[in-house]
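Please look over the two-chain model below before reading on. The briefing goes from overall build to the contact between chains.

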Amino acid sequence: MSSLGVVETAADVAAGRRTAVSAVEDALSRVSRHEEQVRAFLEITGEQALAEARVVDARVKAGETLPLGGVALAVKDNMWVEGRQATCASKILEGFRPPGDGTVAARLRKAGAVFLGRANMDEFAMGSSTENSSSHVTRNPWDLERVPGGSSGGSAAAVAARFVPGGFGSDTGGSIRQPAACCGVVGFKPTYGRVSRYGLVAFASSLDQIGPLTRSVADAARLYSVIAGRDPMDSTTSARVVGSPETALSRGVSGMRIGFLQEAEVEGLDPAVAADLDRARAIFRDAGASVTTVSVPRARVAIAIYYVVASAEASSNLARFDGVRYGPRASEADLASLYVATRTEGFGPEVKRRILLGTFALASGYYEAYYGAAMRARQLLSDDFSRAFQGVDVIVCPSIPAPAFRVGEKTDDPLTMYLSDIFTVPASLAGLPAISVPSALTAEGLPLGIQVLGPRFGEDAVFAAARAFEAGTEFPDALPPAVA
Amino acid sequence: MSSSSAINPEVVRKVAELARLSLPEEDLPRWAGQLARIVGYIDQLKQIPEEAFASPASAEATPVRQDVPVPGHGEEALVANAPRLSHGFGVVPRVVGPGGQG
């Protein structure tokens, strides 16, 4: 059975070669065969998806040209989609139904996309393995004993297993790019301010950004161009012109200055990842780019900065979950115990850990030493990147420090888990666009990813370089073993 | 990687109270151990010299939304998820008067 990509599906539906309904039926049939092993979804909304597909077919028949006609999507459970729950894989939001589509879902719907299901995630997007979901652990289609990465692990696994041509995730410190790399798919985090967060449940508001997961760079460019751009409902969105990501794909890298991140090449780097970087250097050189090394010195302290800033913002954002306006309520004894019991029962251990860490960093007596210092260091990191981009057009580094780990391997050691995001957090802190492209399979058959970072609002250069790299890799087109 | 001396079970108890979370007394040492290790790692930020912090903020200003009314989701949608409702308002336990806690 075919499992077409985003661009191909939309082209087929637009040309009348297939209907949106048949595209969704194909997706549901693939899900029915392999979802039991992968468990990418919290809920499959097949009936609703088919109803939406019928609307798309009617629109096509009426003469509309839709950039995403009949494209079935897996959407992370922290995004509002009309008629579906959005629980952030948390017990505290069990049963929550948003009042309608968020901006991203509305733009996708207008473009003809169909919502196949709610993708699993780490609770409130806090994690790097999808093991922190309050529902279940999603498995990596390349090896069912391993995690899919996180926090958008359900979306990444659904795309890797070819249940859907595309998925959406949110990226706060790497939650799109890290699972994409672990699952052998493309994951793109736009510049902070490019995509509206209206209808995205907030984790860390100075970092959160929505982006696509797909099997090709071209598919990511298509999904991104549909969702990007100013939205009056999110004041942090930029009015800058979005550019032409799809046109940029064919631009190539001839004459482009590509800087490999010096700080990524540390002692003790996984040999498979080091070899992957060498191959990437050769691919870019062969494609005509001028390859150099650049230094972003504060990338070394990015994880330290991130866990202060993100946790501080999370502790503030998650204060709203108190059993008054949404979710189950745990006590009616008095107001204080209503808050405390609801939060204590509703949040899982990792969310509590981040709330405690954030509350500590913002508490009187510690604020200056932790939150203040982290904010200043974050500015220095951004300055480092600005300097680096004076000499290069894009920066390249690995997406993940090692291939996907085994389920349960890091659950007792939060700090080691946090270090899984060491290569993705720098771009998040500086608000830069960054994409992870599948690069190779290790000897054990596990995917690795190479990351391309651009200057703020430099999406076109990122897509041009990513496409050139993708064309030069020999990442297999074969199905992952678990779903073959 | 060193543990931070800033974290001990007493600090964790106080922070949990501020965060409206209840942690069982017997679990406090475990929470303190984990958080001390994380904060110990974060302490490397203290090694960045103070004079390095002179750079000006470069964030773009956030534009404000035009102050014009637009249709919203309506009152019904806003309260639809509340666990307890009365006459369109969310209900919480009594906070003032007899039986209340002030």
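The points below are grouped by topic.

This is a predicted model: local features need pLDDT of at least 70, side-chain atom pairs count only at pLDDT 80 or more, and totals for chains, interfaces and linings use all residues. Residues are numbered from 1 along each chain as its sequence is written, and chains are lettered from A in the order in which they are written.

**Overall build**

- Chain A has 16 helices and 11 strands. Helices (H or I, at least four residues) and strands (E, at least two) are DSSP runs, numbered from the N terminus.
- For 484 residues, a compact globule would have a radius of gyration near 23 Å, and the 21 Å of chain A agrees with that. The radius is taken over C-alpha atoms, and the globule rule is 2.2 Å times the number of residues to the power 0.38.
- Along the principal axes, the C-alpha atoms of chain A fill a box of roughly 65 × 55 × 45 Å.
- In chain A, 63% of the 484 residues count as buried. A residue is buried if 20 or more other C-beta atoms lie within 10 Å of its own, exposed if 12 or fewer, and partly exposed in between, with C-beta atoms placed from the backbone.
- Of the contacts in chain A between residues at least 6 apart in sequence, 77% join residues at least 24 apart. Two residues are in contact if their C-beta atoms, placed from the backbone, lie within 7 Å.
- Chain B holds 3 helices and 2 strands, in the order α-α-α-β-β along the sequence.
- Of the 102 residues in chain B, 17% are buried.

**Helix 1 of chain A**

- Helix 1 (residues 6–14) of chain A buries Val6(A), Val7(A), Thr9(A), Ala10(A) and Val13(A). They sit on the same side of the helix because they cover an arc of only 165 degrees around the axis. The arc is that of the directions from the helix axis to the C-beta atoms.
- Packing partners of these buried residues include helix 2 (20–38) and strand 4 (166–171) of chain A.

- The domain assignment, which is automatic or from a database, gives domain 1 (6–258 + 395–483) and domain 2 (300–376) of chain A.
- The contact takes 28 residues from domain 1 of chain A and 22 residues from domain 2 of chain A.
- The largest nonpolar core has 180 residues, and those touching the most other members include Leu73(A), Leu116(A) and Ile305(A). Such a core is a set of buried Ala, Val, Leu, Ile, Met, Phe, Trp, Tyr and Cys residues joined through C-beta atoms within 7 Å.
- Helix 10 (residues 302–317) of chain A gives the most to this core, with 11 residues.
- Both domains of chain A give residues to this core, so it lies between them.

**Contact between the chains**

- Contact joins 42 residues of chain B to 49 residues of chain A.
- Helix 2 of chain B supplies the largest share of the side of chain B that touches chain A, 7 residues.
- That side of chain B divides into 27 nonpolar, 10 polar and 5 charged residues. Ala, Val, Leu, Ile, Met, Phe, Trp, Tyr, Cys and Pro count as nonpolar, Asp, Glu, Lys and Arg as charged, and the others, Gly among them, as polar.
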